[in-house]
Amino acid sequence: MAEPLYRLSISELAPLLATGEVSPVALTEELLARVEALDPGLNTYVTVDADGALAQAREAEARLRRGQGTPLTGIPLALKDVLITQGLRTTCASRILENFVPPYDATVVARLRQAGAVFLGKVNMDEFAMGSSTENSAFGPTHNPWRRGCIPGGSSGGSAAAVAADLCLGSLGSDTGGSIRQPAAHCGVVGLKPTYGRVSRFGLVAYASSLDQIGPITKNVRDAALLLNCVAGHDPQDSTSVDVPVPDYLGALARDIKGLKVGVPKEYFGHGLDPEVEAAVRRALDTLVSLGAELIPVSLPHTEYAVACYYIIATAEASSNLARYDGVKYGIRDEARNLLEMYASTRTRGFGPEVRRRIMLGTYVLSAGYYEAYYRQASQVRALIRRDFEEAFGHCDLLATPVSPTPAFCLGEKVADPLTMYLSDIFTISANLGGIPGISVPCGFSSGGLPIGLQLLGPPFGEATLLQAAHAFEQATDWHRRRPPDF
Ligand code: GLN
């Protein structure tokens with residue numbers, strides 16, 4: 001029996017759509033029906049836009065008939081609810097924005113729209129992208145499709161779970177400290193965080209502006225290259241987006257990895273790493289060697305300070321970015337006797353506990369008298385972490401590491417202990433502090449049947465090499481082809 005359409009990847013469907021063998025309307029209807037049937041058990045979507053998606057699919061169909069399609073025309077995608085969408089509610093999974101309908105599109109959304117993509121809706125996340133488990137959503141947690149009751153990772157947990165469960169063909173997430181790579185690893189899909197500045201952040205609701213970056217979450221590496229081709233590139237509306245040419249990321253996939261120098265940082269294989277995760281990642285390293293790569297032991301000596309450094313910088317920036325939600329400019333507003341009480345009451349009701357915790361922490365580390373002790377020191381440590389990477393990339397093309405120290409944990413397991421939750425980001429946050437790109441590809445399963453990811457990190461603007469190596473690895477393995485059973 002032929003595979004159902006929802007099981008296919010973007011790159012498998014694109015030629016079928018181009019020849020008219022598959023209709024974008026039929027494809028969109030099939031996915032919407034699947035979302036309606038299965039999403040209640042997973043909670044990946046915050047908002048489903050069936051009417052909008054069908055209208056876009058009809059337009060795509062007409063465009064394809066005129067022979068003016070792109071590889072994304074008629075492809076149903078889901079967007080993390082931190083990306084603003086004209087006329088479609090954008091909540092950041094927060095009560096404070098539960099009624100916010102943006103008047104314009106984020107640049108990445110506009111670019112996908114221009115390419116003819118179809119948006120099924122907006123997917124769940126930790127509130128304002130603060131978290132590692134999607135449990136900090138005001139709309140309830142998302143479940144891991146591989147095992148309900150487990151977290152899908154976070155903060156782009158809705159994106160990763162929706163891709164893994166075939167509730168969309170691909171998604172865009174955002175990654176401030178691992179939020180694309182870690183949920184991709186926990187859900188057995190591919191997640192790519194580009195170099196800081198590679199993709200425009202215009203219209204991405206800011207969490208920590210010097211760390212945030214948008215990237216694809218997809219069923220395979222080829223689809224990640226396809227989506228990155230569409231969204232990467234300079235944008236005059238984001239002053240931190242960098243004006244360097246965008247290579248053809250699909251073209252990079254054709255190259256083999258013979259002679260590629262892959263650094264293995266010893267700090268990523270120490271205490272706290274689950275033995276099953278370690279075994280899967282070491283087997284993945286063997287696979288890279290069998291494909292012609294050379295492994296080089298390296299050291300990133302400042303890794304141990306990354307979590308502390310990140311949680312100072314990220315919370316400081318968050319406390320400033322979230323000052324704009326004051327009941328006046330966006331979202332909900334509480335009635336009160338005077339302005340100050342209105343601010344306090346709106347923000348207290350609108351923000352969840354983790355967001356409040358981070359605003360307080362960030363305000364504290366920026367306050368007079370503490371700025372030198374915390375924020376300035378963290379900025380200095382950040383420079384050392386960046387230098388560690390520069391040195392490693394002086395003699396390596398890529399680095400290979402685990403994504404997360406453990407497979408997905410149970411819902412509720414770490415909620416009461418924020419510090420343990422923060423420590424689970426240990427392997428992903430350095431890339432954001434250094435501004436470098438990283439990709440997570442499926443590399444195995446735990447004995448409990450939960451996916452494990454391999455992380456590849458590259459030098460700034462090294463996405464093509466990351467995709468090339470990840471694709472070569474994927475061709476030699478079949479982890480990315482496994483799908484969780486429907487339930
Ligand atoms: N888990 C990290 C945090 O809570 C990373 C989140 C992210 O990348 N958006 O800040």
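**The ligand and its surroundings**

Analyst: The shell around the ligand takes at least three residues from each of domain 1 (5-236 + 243-255) and domain 2 (307-372), with bounds from an automatic or database domain assignment. This is a predicted model in which local features need pLDDT of at least 70 and side-chain atom pairs count only at pLDDT 80 or more, while totals for chains, interfaces and linings use all residues. Residues are numbered from 1 along each chain as its sequence is written, and side-chain values use heavy atoms, with hydrogens and water left out.

User: How many residues of domain 1 are in contact with domain 2?

Analyst: The C-alpha centres of the two domains lie 28 Å apart. Contact means heavy atoms within 4.5 Å. On the domain 2 side 20 residues take part, and on the domain 1 side the number is 21.

User: Which residue has a side-chain N or O atom 2.6 Å from an oxygen atom of the ligand?

Analyst: A nitrogen atom of the ligand is 2.8 Å from a side-chain N or O atom of Ser 132, and a nitrogen atom of the ligand is 3.4 Å from one of Ser 155. For the oxygen atom of the ligand, the side chain at 2.6 Å belongs to Tyr 207.

User: How much of the area that the ligand exposes when taken alone does the protein bury?

Analyst: Accessible areas come from the Shrake-Rupley method with a 1.4 Å probe. Taken alone, the ligand exposes 290 Å², and the buried share is 99%.

Methods:
A polar contact is a pair of N or O atoms within 3.5 Å; within protein, one must be able to donate a hydrogen and the other to accept it, and residues adjacent in sequence count only if both atoms are side-chain atoms.
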